[in-house]
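Hi,

Here is the structure I promised to pass on. Have a look at it first, and then read on for what turned up.

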Amino acid sequence: MSPISKGILVSTVRELPALPAVVMELIESLGRDDLSADQLAGKLSRDQALTAKTLRLANSSFYGVPRKVSSISEAVTILGMRTVRTVVTAAALTGSFKRQDAALLDFDAFWRHSIGTALCAKALAETMDLDGESAFTLGLIHDIGRLVLATFFREPYQQALIYQREHDCLPHEAEQAVMGMDHTTVGECITEHWLFSPTMVEAVATHHSPRPCADPSLADIVHVADNIAHALGLSQLSDEMVPPLNLQTWSAMKLTTDQSGQIFRQAEAQFDSVCQALLM
Amino acid sequence: MNTLPPTDAPLAPPPSGSGHAVPPQDGLGHRDQVQQRITHLFRYSLRGGHINPLMHLVTEYRMGQLP
């Protein structure tokens with residue numbers, strides 16, 4: 001099996017359909033606060049499926065809203081624009097690939113792990129006073145390269161899955177051995193295509209190889225959150241495996257045992273309701 | 001093209017935690033089951049002799065969930 005060249009990868013990703021325009025705008029506006037509730041509601045009104053999924057997540061017990069949220073404007077009033085932006089983005093990202101096109105992967109298990117990582121990333125970020133909403137979105141997309149490989153590079157990806165099974169190794173090791181690249185490079189490509197910020201693109205690209213620094217970054221958060229989600233077994237796969245944890249990154253977070261336990265508990269308590277809302 | 005079955009059959013019995021019911025048995029059985037699952041999840045680090053502080057933390061957390 002010959003390796004996949006970067007050129008082929010880039011041209012494949014360029015041909016991928018873009019996310020809905022409103023979602024691209026939301027992604028581009030992550031970290032800013034200059035979008036009004038009416039603007040968002042107006043833009044979303046053209047996408048009924050996305051609106052419905054957004055409201056389902058907004059009404060899930062994850063957000064603990066005491067009464068039923070029935071419109072996007074109401075969701076913004078109750079949850080705030082930053083949260084609703086995350087909810088819309090999450091709803092769109094989980095609908096960006098079709099289950100039947102990625103049949104090599106256990107689609108639900110893929111998203112269970114991604115949602116688990118998102119919840120752990122949000123909890124971790126909030127513990128360290130970083131942006132929990134961006135961390136949630138990053139957790140959700142950190143492995144998106146695997147979906148691209150399973151959808152558009154089926155034959156080599158099938159070989160990588162066989163290699164992984166035979167060697168009982170990590171997915172990115174199998175992908176490197178068979179294809180000469182792994183899902184982090186593919187993830188980097190697609191997040192660039194989707195116009196995520198350079199910080200978020202880097203976090204996706206380095207989630208297996210963080211560059212530790214004194215102050216934890218979103219990239220560090222995603223690395224550790226991915227590890228925690230695997231350690232909690234949230235994908236529910238029989239062959240789930242915890243990847244190596246970068247000890248410098250871990251130490252820089254200075255988490256106490258109590259804080260770790262709180263993050264585990266919080267992520268597991270929210271897990272079922274978010275999966276239900278996003279995977280229906 | 002899709003001749004490979006998903007690698008991903010769920011574990012039997014299902015993992016402890018994550019909202020999954022554990023079949024009723026004595027406390028020792030539960031502890032063994034939790035330990036077994038964690039050892040399986042962390043097999044990469046265990047094989048390579050890598051330290052992963054999460055292994056201890058998750059073990060403590062899971063044991064704390066036992067009846």
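Let's start with a question: is the crossing of H16(A) and H3(B) left-handed or right-handed? It is right-handed. Do keep in mind that this is a predicted model.

Now for that helix pair in more detail. On the chain A side, the residues making the contact are Thr257(A), Ser260(A), Gly261(A), Phe264(A), Arg265(A) and Glu268(A). H3(B) brings Leu54(B), Leu57(B), Val58(B), Glu60(B), Tyr61(B), Arg62(B) and Gln65(B). Sorted by class, the contact of H16(A) with H3(B) comes to five nonpolar, four polar and four charged residues.

Phe264(A) and Tyr61(B) sit edge-to-face, 5.3 Å from centre to centre with 65° between the planes. Phe264(A) is in helix H16 of chain A and Tyr61(B) is in helix H3 of chain B, so this pair joins two chains. Both Phe264(A) and Tyr61(B) are buried.

On to the other rings. Over all chains, the search finds five aromatic pairs. One of them is Phe62(A) with Tyr63(A): the ring centres are 4.5 Å apart and the planes lie at 55°, so that pair is tilted. Phe62(A) is buried at 10% relative accessibility, and Tyr63(A) is buried too, at 16%. Ring pairs also link Phe62(A), Tyr63(A) and Phe136(A) into a cluster.

There's a helix pair inside chain A to look at as well. The axes of H10 (residues 154–167) and H11 (residues 171–179) come within 8 Å and cross at roughly 125°. That angle makes H10(A) oblique to H11(A), and the crossing is right-handed. Among the contact residues are Pro156(A), Tyr157(A) and Ala160(A) from H10(A), and Pro171(A), Ala174(A) and Val178(A) from H11(A). The contact of H10(A) with H11(A) divides into nine nonpolar residues, two polar and one charged.

Last one: Thr117(A), in helix H7 (residues 107–127) of chain A. Is Thr117(A) buried or exposed? Buried, with a relative accessible area of 0%. Leaving aside neighbours within four places in sequence, Thr117(A) is in contact with Gly139(A), His142(A), Val222(A), Ala225(A), Asp226(A) and Ala229(A).

Cheers

Key. Residues are numbered from 1 along each chain as its sequence is written. Chains are lettered from A and ligands numbered from 1 in the order in which they are written. This is a predicted model: local features need pLDDT of at least 70, side-chain atom pairs count only at pLDDT 80 or more; totals for chains, interfaces and linings use all residues. Side-chain values use heavy atoms; hydrogens and water are left out. A crossing is left-handed if the near helix is turned anticlockwise from the far one by less than a right angle, and right-handed if clockwise. Helices (H or I, at least four residues) and strands (E, at least two) are DSSP runs, numbered from the N terminus. Contact means heavy atoms within 4.5 Å. Ala, Val, Leu, Ile, Met, Phe, Trp, Tyr, Cys and Pro count as nonpolar, Asp, Glu, Lys and Arg as charged, and the others, Gly among them, as polar. Axes are lines fitted to C-alpha atoms, for helices over the stretch in contact, and angles run from 0 to 180 degrees between N-to-C directions. Angles under 35 degrees count as roughly parallel, over 145 as roughly antiparallel, 65 to 115 as roughly perpendicular and the rest as oblique. Buried means under 20% relative accessible area, exposed over 50%, partly exposed in between (1.4 Å probe, protein chains only). Rings of Phe, Tyr and Trp (its six-membered ring) pair if their centres lie within 6.5 Å; planes under 30 degrees apart count as stacked, over 60 as edge-to-face and the rest as tilted.
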